[in-house]
Amino acid sequence: MSQASIFSTIRWSVTDLTRRIREQLEADEMLQDLWVEGEISNLSRPASGHVYFTLKDPSAALKCVMWKSDAPRLKIQLKDGMAVEAHGRISVYDAGGQYQLYTDRIRPIGEGALYQEFLRLKEQLEKEGLFAPERKRAIPEFPRIIGVITSASGAAWRDILNTLQRRQPLAKVILAHSPVQGDGAAPALIEALDSINRQKPDVILLARGGGSIEDLWAFNEEALVRAVAASKAPVICGVGHETDFTLCDFAADMRAATPTASAELATPITRDGQLRQIKERRIILTSLMNELIFKTRESIFGVSNRLRLLSPTNRVYNEIQKLDELSRRSGSAVIHLFQFHSLLVNSLSKRLVALNPIGVLSRGYAILTRKQDGRVVASVKDATQEMKVRVSDGEFGVTKA
Amino acid sequence: MPKNVTIKPVDELSYEEAMAELEKIVATLETDQKSLDQAMQLFERGQALAVRCNALLEAAQLKIQKLTGDMLVSYSEEEE
């Protein structure tokens, strides 16, 4: 301690000093997002749900805490003595006067190395163009033969089978069983891929249920990844869960989040869809037929209408109708006129009767005609020797005296 | 107009054949001017084809086989 500091007027409170230390640590970026490896000790999981432990190595120890909210993400069972890698940020617990690692993820020590290998290989194959989008082939809409590579005893196979039966029972499925984890898995999977391709399927499903990066490691093996990229038939890869990515996923023509999803992607045309299509066609057929019948009926109507309008009967009816119209409009005038004409005709015919020459004869008059030519004798000079006399009821001859 | 393909009885057609013919009939009725007689015939054939497609779909069972090397055997779930 220097002489000067004994007389220093700056006095920190514990709180302020602690805060200053915390701020210093939090300002250091490298300490805010890091992985640290060590051995677990003093593991404690009190009722609060938070997890407390210490990570140590031969010469140092680091206090760690994991909040209850992050704890469910743990894929492994924590135990004292376990070698792990913990991820989080460094800060200070003011009240306890200690710096801590606020942990959000923990993984077994091996995993870090595996993940490194994953990244290395991914970069290398990506550079080679193995994952290029242009290489990806289209999945046929209506596959007749679907090849499946998975373990026959796994849940993945059951899920795929159920999905395919439900969606597209017209298809044929060929299963090539293979172990999907462990040392022998990758070579067996390559073998399965070869033999399935010899059956000339329309699409191949490569599937496996969820697991850790070690469980899924076979699907990151270079030889298998290359075999998938080189597959004659398009490959849909459905390995692990939603968030699991393996290099086979990148090399495949399509990636499915789960085995079930891979079966769905393989069958874009479903039986339900087809049944709907057929129903639609039937409706269209029926409505086309109805339309045609209607049109035909219409045109027959049209022709018969025109015929009716042109027929002679129609003309007559038209004329009669005109007369009816006229009489309706003129109403009583016609009736009076008719009666007048009736009377006129009556009296005229009476006068005509009076003027009839035959009627005059019955009053005693006679008609004298010349025998030789039938001419009427109206004066003395007309008379000839032989004449005829006509009276009302007959005629006789006379000689001039 | 005689077709190049001989007309097979509907009952002998596969799903794809029946569906393809059904599509053709719909297209023909939509565009060509057919007499009422011809249209009726096409309509009835079309309905028969639709019934056939439905029947095939309803009855369809997924065919499953297991492959070992190059040997295909039919698959039975009890074995696994």
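**Exercise 1.** Determine which residue of strand 1 of chain B stands opposite Ile174(A), and state how strand 7 of chain A and strand 1 of chain B are joined.

*Solution.* Ile174(A) has Gln65(B), in strand 1 of chain B, opposite it. Strand 7 (residues 172-177) of chain A and strand 1 of chain B run parallel and are joined by 4 bridges; strands pair if DSSP finds at least two bridges between them. Strands (E, at least two residues) and helices (H or I, at least four) are DSSP runs, numbered from the N terminus.

The model is predicted: local features need pLDDT of at least 70 and side-chain atom pairs pLDDT 80 or more, whereas totals for chains, interfaces and linings use all residues. Residues are numbered from 1 along each chain as its sequence is written, with chains lettered from A and ligands numbered from 1 in the order in which they are written.

**Exercise 2.** Describe the contact between chain B and chain A.

*Solution.* Chain B contributes 27 residues and chain A 29 residues, contact requiring C-beta atoms, placed from the backbone, within 7 Å. On the side of chain B, helix 1, helix 2 and strand 1 (63-68) each give two or more residues. Helix 2 of chain B gives the most, with 9 residues.

Key: Two residues are in contact if their C-beta atoms, placed from the backbone, lie within 7 Å.
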